[in-house]
Amino acid sequence: MAQYKVRLLAGAERTVVAQRVVSDQDVLVFETRGGSAWTVVDQVANNDVDVIQRRVVESSGMARWITERPAV
């Protein structure tokens, strides 16, 4: 499962483990698949988000964070 780091405009930062991220104009939703339905793991208002990063592990075994969505 993917690991995301969400930094809020207020400076707080949190890590979320989810299979996908979906967004509309108002809310960013992190979800995992449970059986035949998607389950919400976490959500945050789009207006509160500064940066979203996703953790990737390279073939060398080194992990790094790549920016999924920069500040708007």
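This is a predicted model: local features need pLDDT of at least 70, side-chain atom pairs count only at pLDDT 80 or more; totals for chains, interfaces and linings use all residues.
The side chains of Glu 31 and Arg 20 meet in a salt bridge, with 2.7 Å from N to O. Glu 31 belongs to strand β4 and Arg 20 to strand β3 (residues 20-23), so this pair ties together parts that are 11 residues apart in sequence.

Arg 20, at 30% relative accessibility, counts as partly exposed. The strand that holds Glu 31, β4, covers residues 27-34. Beyond its neighbours within four places in sequence, Glu 31 is in contact with several residues, including Ala 18, Gln 19, Val 22, Trp 38 and Val 40.

What is the general principle behind such pairs? Side chains of opposite charge can pair when their charged atoms come close. In this chain there are 9 positive and 9 negative side chains, and the centres of the two sets lie 7 Å apart. The count of salt bridges comes to 5.

Another of these salt bridges joins Arg 7 and Asp 50, whose closest N and O atoms are 3.2 Å apart. This pair links distant parts of the chain, as Arg 7 is in strand β1 and Asp 50 is in strand β6 (residues 49-57), 43 residues apart. Arg 7 is partly exposed, with a relative accessible area of 31%. Ala 12 also touches Arg 7, as well as Val 6. Ala 12 is located in the loop between β1 (2-8) and β2 (13-18), and its relative accessible area of 41% makes it partly exposed. The C-alpha atoms of Ala 12 and Asp 50 are separated by 9.8 Å, although these residues are 38 positions apart along the chain.

A further salt bridge is formed by Glu 68 and Arg 54, with 2.8 Å between the closest N and O atoms. Glu 68 lies in strand β7 (residues 63-69) and Arg 54 in strand β6, so the pair ties together parts that are 14 residues apart in sequence. Both residues count as partly exposed, Glu 68 at 38% and Arg 54 at 26%.

These pairs may now be placed in the chain as a whole. The protein chain has 7 strands and 0 helices. Its C-alpha trace spans about 40 × 35 × 15 Å along the principal axes. Of its 72 residues, 28% count as buried. The accessible surface comes to about 4800 Å², of which 46% belongs to carbon and sulfur atoms.

How values were computed. Residues are numbered from 1 along each chain as its sequence is written. Side-chain values use heavy atoms; hydrogens and water are left out. Helices (H or I, at least four residues) and strands (E, at least two) are DSSP runs, numbered from the N terminus. Contact means heavy atoms within 4.5 Å. Buried means under 20% relative accessible area, exposed over 50%, partly exposed in between (1.4 Å probe, protein chains only). Accessible areas come from the Shrake-Rupley method with a 1.4 Å probe; for residues, only the protein chains shown count as cover. Lys and Arg count as positive and Asp and Glu as negative; His and the chain ends are not counted. The place of a charge is taken as NZ of Lys, CZ of Arg, CG of Asp or CD of Glu. A salt bridge is a side-chain nitrogen of Lys or Arg within 4 Å of a carboxyl oxygen of Asp or Glu.
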